[in-house]
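Try each one yourself before you read the solution.

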Amino acid sequence: MNATPAYDPDNIFAKILRGEIPCHKVYEDDDFIAFMDVMPQTPGHTLVLPKAPCRNLLDAPPQVLSRILPLVQRLAQAVKTAMGAEGITISQFNEHAGGQTVFHLHIHIIPRHEDQPMKHHARGFAPKEELEANAAKIRAAIG
Ligand code: AMP
C-alpha cells in the first residue's frame with residue numbers, strides 16, 4: 001500500500017500560517033487563507049489553503065474538501081474581476097510525482113486571457129510591488 005506521507009509542519013505554507021514568514025494575503029477566515037503565489041504563472045495567480053494541516057488532496061478530510069471548493073469559486077470570481085480575466089485555470093498537485101512542490105494542500109487560481117500563455121509552474125519570482133498591487137485589486141473585488 002502506498003500511504004500518503006505524514007504532514008510536515010515545517011513546510012513553507014505552515015510557516016506562513018503561523019505568521020513566521022510574510023505573504024500577500026487576499027482573504028482569511030477561521031479555517032482558510034488565500035494569498036498571492038510568489039511565482040505567478042500569470043499576474044493575479046492566487047493560492048487557497050485550508051488552515052488544517054493537510055498534505056494534499058489525498059489526506060484531506062471530507063469536511064475540508066467540501067468547504068474549500070465554494071470558497072475557491074468565490075475567490076475565482078473575484079480574481080477574474082480584479083484582473084479583467086476572460087477565464088480561470090484551477091490546478092492542484094499531489095505528491096512530487098504529481099507536480100507538488102509545497103506539501104500543504106492548496107488550490108491554484110490562475111486568471112487567463114485569450115492567447116496569453118501560462119508561465120512554468122513554480123519558477124520565477126514576481127516583484128513584491130506587483131504582487132501587492134494585484135493582491136490589493138483582488139481584496140477590493142472580494143469586498
Ligand atoms: P505546488 O507545486 O502545487 O505545491 O505549488 C506551490 C506553489 O507555491 C508554487 O506555485 C510556488 O510558486 C508557490 N510558492 C512557493 N513558495 C511560496 C511563498 N513563500 N509564498 C507564496 N507562494 C509560494
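Before we start, one term: a polar contact is a pair of N or O atoms within 3.5 Å. Also keep in mind that this is a predicted model.

**Exercise 1.** Find out which atom of valine 102 lies 2.8 Å from an oxygen atom of the ligand.

*Solution.* Step one: look at valine 102, where a backbone N or O atom sits 2.8 Å from a ligand oxygen. Step two: check this against the cut-off; a pair of N or O atoms within 3.5 Å is a polar contact, so the pair at 2.8 Å counts. On its own the ligand has 500 Å² of accessible area, and the protein covers 94% of that.

**Exercise 2.** Describe the shell of residues around the ligand.

*Solution.* First, count: the ligand is surrounded by 18 residues, and the closest are Asp37, Thr101, Val102, His106 and His121. Next, sort them by type: 11 are nonpolar, 6 polar and 1 charged. Then see which elements take part. Helix H1 (12-17) and strand E2 (32-36) each give at least two residues to the shell, and H1 gives the most, with 3 residues.

**Exercise 3.** Work out where the ligand sits and what lines that place.

*Solution.* Begin with the location: the ligand is in the largest pocket. That pocket holds about 480 Å³ of space. Its lining has 28 residues, and Phe13, Asp37, Val38, Met39 and Phe125 are the closest to the centre. H1, E2 and helix H3 (128-142) are the elements that give two or more residues to this lining. Once again H1 gives the most, with 3 residues. Finally, sort the lining by type: you get 17 nonpolar, 9 polar and 2 charged residues.

Notes. Residues are numbered from 1 along each chain as its sequence is written. This is a predicted model: local features need pLDDT of at least 70, side-chain atom pairs count only at pLDDT 80 or more; totals for chains, interfaces and linings use all residues. Side-chain values use heavy atoms; hydrogens and water are left out. A residue is near a molecule or strand if one of its heavy atoms lies within 4 Å of it. A polar contact is a pair of N or O atoms within 3.5 Å; within protein, one must be able to donate a hydrogen and the other to accept it, and residues adjacent in sequence count only if both atoms are side-chain atoms. Accessible areas come from the Shrake-Rupley method with a 1.4 Å probe; for residues, only the protein chains shown count as cover. On a 1 Å grid over the protein atoms alone, a cavity is a set of points where a 1.4 Å probe fits but cannot get out, and a pocket is an open set with protein on both sides within 12 Å along at least five of seven lines; lining residues have an atom within 4 Å of a point. A molecule sits in a cavity or pocket if more than half of its atoms lie within 2 Å of its grid points. Helices (H or I, at least four residues) and strands (E, at least two) are DSSP runs, numbered from the N terminus. Ala, Val, Leu, Ile, Met, Phe, Trp, Tyr, Cys and Pro count as nonpolar, Asp, Glu, Lys and Arg as charged, and the others, Gly among them, as polar. Grid points are joined across faces, edges and corners, and a volume is the space filled by probe spheres set on the points.
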